[in-house]
Amino acid sequence: MNYIVGDIGNTCTKISILNHKIKIKKSYNIDTIKLLKKKNADKFFKKILVKNTNRKIINSSNIPNIYKLIKKNLKK
């Protein structure tokens, strides 16, 4: 089982995939402003989402509109 943990900052958004032992398997970084474009957001989240991922995630954000975008993409 994999888990997703994210941190949305003013300049950079970082999302990591953790394994069942809570060790980082893979980390992804993207500029927060690039996530506002739908094309960039879709491409970014295709890399992250894997089949064996737990539906509960942890996310830290100080930018509400980016958080809503990420939440929408992860619900798909």
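Buried here means under 20% relative accessible area, exposed means over 50%, and partly exposed covers what lies in between (1.4 Å probe, protein chains only). The structure is a predicted model: local features need pLDDT of at least 70, side-chain atom pairs count only at pLDDT 80 or more, and totals for chains, interfaces and linings use all residues. Residues are numbered from 1 along each chain as its sequence is written, and side-chain values use heavy atoms, with hydrogens and water left out.

Start with the rings. A search of the whole structure finds 2 aromatic pairs. Rings of Phe, Tyr and Trp (its six-membered ring) pair if their centres lie within 6.5 Å; planes under 30 degrees apart count as stacked, over 60 as edge-to-face, and the rest as tilted. The ring centres of Y28 and F44 are 6.4 Å apart and the planes stand at 85°, so this pair is edge-to-face. Y28 sits in strand β3 (residues 24-31) and F44 in helix α1 (residues 38-48), so the pair ties together parts that are 16 residues apart in sequence. Helices (H or I, at least four residues) and strands (E, at least two) are DSSP runs, numbered from the N terminus.

F44 also pairs with F45. That pair is edge-to-face, at 5.3 Å centre to centre and 75° between the planes. F44 has a relative accessible area of 4%, so it counts as buried. F45 is buried as well, because its relative accessibility is 2%.

Two strands pair if DSSP finds at least two bridges between them. T13 stands opposite I30 in β3. Together β2 and β3 form a hairpin with 5 residues between them.

Most residues other than glycine have a negative phi. I22 has a relative accessible area of 55%, so it is exposed.

Last, confidence. pLDDT is the predictor's confidence in each residue, from 0 to 100. The protein averages 81, and 92% of the residues score at least 70. Among the elements, β3 has the highest mean pLDDT (90), while strand β4 (residues 58-61) has the lowest (74).
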